[in-house]
Amino acid sequence: MRVAIVTESFLPSVNGVTHSVMRVLEHLRDRGDDAVVVAPSSNGQVPRTYAGFPVVPAPSANLPGYPDLPFGFPTSLRLEEVFEDFRPDVVHVAAPISMGHKAIMVANRMDLPSVAIYQTEYASFASRYWMHRAQPVIWWRVRASHSLATMTLAPSSYTRQVLVNRGIPRVGLWGRGVDTTRFHPAKRDDAWRRTVAPGGERIIGYVGRLAAEKQVEDLAVLADLPNTRLVVVGHGPTREELEQRLPTAHFTGQLTGEHLPRVLASMDVFVHPGELETFCQSIQEALASGVPAVAPAKGGPIDLIDPSHTGWLYPPGDLATLRSQVQDLVGDDRKRHAFSRAARAAVRGRTWDEVCARLVEHYQAAIRAHGVQRVG
């Protein structure tokens, strides 16, 4: 199979879109398929290849108020040249909004099947960045992009229903995998715990971007829980503000390599307060690490957390319930350990190989459906 991937985000930007595209490319390489990637140039920092496949840089600019997230704007002619040269069987479009929208239109003109992966709540992000009036325009663009695609794949049942309610047709489900070898309870590091919580405090942790849409400031409701220490892992435009609002928290900055799974496995409870998560990969990585998770009952976390078994879901905005749920886990070792075992067991079969194999099946279904549409 020959797959052209057009992604709104790629290295050096590290986020859920980049992460999933990387895993897909590795899977295609291991299958012996061929691929090409079109990605924002990120001021010339995008790699020339990944997993042995060429990466075509597209002109890019930074999202206003969010310099760590560039977006690309290649010309239609350039995308046509890439597709004509590569001759893909299917076009995979990751989180289409700008260059992805253009890629789907070009694929249609060139009679190529396309699979659009919905991954980012662009319209909701606009409200977090004080651009409320842009929401209708953004939803118009999202609906236009995904309606043109042969198939749209949502990462969670909640997000799929949102898209269906918005009038987007042909929406299926495609979740995300987790590396259960890299993220493992055995990587718990007691020496690191002693440096962060020298009094033996229970560690409450967050991992993710430090940006308005993640609502990390909600963790302030946990700051004074007795015998606990708050750890915040990640970087982003709101770090300075968060350090002021969470003065007793330990900020690690962004962690990569083995540092991330070691710190994640060393937490006692994982909390992700963001209400705009279409999936929330960091929750899945916490579960794989044997760490029970607490999150709002909205979006991707609904599919990931099994309440009273692997963690808790609280009503969005109900920070009093968030506090009581975290307190319940940090204050009951026996319950927390039972949740920990259940968390690990819940994700054991969600490997990237399994998830990407299902994506290839979706590719094949899109190719067949496109052939039927063309005959019709």
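**Figure 1. Helix α6 lies across strands β9 and β10.** In this predicted model, helix α6 covers residues 157-165 and runs at about 180° to β10. Strand β9 spans residues 151-154. Helices (H or I, at least four residues) and strands (E, at least two) are DSSP runs, numbered from the N terminus. Axes are lines fitted to C-alpha atoms, for helices over the stretch in contact, and angles run from 0 to 180 degrees between N-to-C directions. Together, β9, α6 and β10 form a right-handed β-α-β unit. Right-handed means that, with the strands pointing away from the viewer, the path from the first strand over the helix to the second runs clockwise. The model is predicted, and local features need pLDDT of at least 70, side-chain atom pairs count only at pLDDT 80 or more, and totals for chains, interfaces and linings use all residues. Residues are numbered from 1 along each chain as its sequence is written, and side-chain values use heavy atoms, with hydrogens and water left out.

**Figure 2. Strand β9 is covered on both faces.** Met-151 and Leu-153 are buried on one side of β9. Thr-152 and Ala-154 are buried on the other. Buried means under 20% relative accessible area, exposed over 50%, and partly exposed in between (1.4 Å probe, protein chains only). Strand β8 (residues 114-117) runs parallel to β9, joined by three bridges. Here Ala-116 has Thr-152 of β9 as its bridge partner. Three bridges also join β9 to β10, again in parallel. Ala-154 has Leu-173 of β10 as its bridge partner.

**Figure 3. Eight strands form an open sheet.** The strand order is β3-β4-β2-β1-β7-β8-β9-β10, and the pairing is mixed. Two strands pair if DSSP finds at least two bridges between them. The edges are β3 (49-50) and β10 (171-173), each with a single partner strand, so one side of each has no neighbour in the sheet. Strand β1 (residues 2-7) pairs with strand β2 (residues 34-40) in the parallel sense, over five bridges. Val-6 stands opposite Val-38 in β2.

**Figure 4. Phe-10 and Tyr-50 form an edge-to-face pair.** A search of the whole structure finds two aromatic pairs. In this one, the ring centres of Phe-10 and Tyr-50 lie 5.9 Å apart and the planes stand at 90°, so the pair counts as edge-to-face. Phe-10 sits in the loop between β1 and α1 (16-31) and Tyr-50 in strand β3, so the pair ties together parts that are 40 residues apart in sequence. Both Phe-10 and Tyr-50 are buried. Rings of Phe, Tyr and Trp (its six-membered ring) pair if their centres lie within 6.5 Å; planes under 30 degrees apart count as stacked, over 60 as edge-to-face and the rest as tilted.

**Figure 5. Trp-312 and Phe-339 form a tilted pair.** The ring centres of Trp-312 and Phe-339 are 5.8 Å apart, with planes at 45°. Trp-312 belongs to strand β16 (residues 311-314) and Phe-339 to helix α13, and the two are 27 residues apart. Phe-339 counts as buried, at 6% relative accessibility.

**Figure 6. Helices α10 and α13 pack together.** Helix α10 (residues 281-288) meets helix α13 (residues 333-347) at an angle of about 115°, with the axes 7 Å apart. On the α10 side are Gln-284, Leu-287 and Ala-288. Ala-343, Arg-344 and Val-347 face them from α13. Contact means heavy atoms within 4.5 Å. The residues of this contact divide into four nonpolar, one polar and one charged. Ala, Val, Leu, Ile, Met, Phe, Trp, Tyr, Cys and Pro count as nonpolar, Asp, Glu, Lys and Arg as charged, and the others, Gly among them, as polar.

**Figure 7. A cis peptide bond joins Leu-11 and Pro-12.** Omega is about 10°. Pro-12 lies in the loop between β1 and α1. Ser-42 contacts both Leu-11 and Pro-12, along with Ser-60 and Pro-70, leaving aside neighbours within four places in sequence. Ser-42 sits in the loop between β2 and β3. Ser-42 is buried, with a relative accessible area of 7%.

**Figure 8. Asp-111 has a positive phi, near 60°.** Asp-111 follows helix α3, in the loop between α3 and β8. Asp-111 is partly exposed, at 33% relative accessibility. Within α3 (residues 99-109), the buried residues include Met-99, Ile-104 and Val-106.
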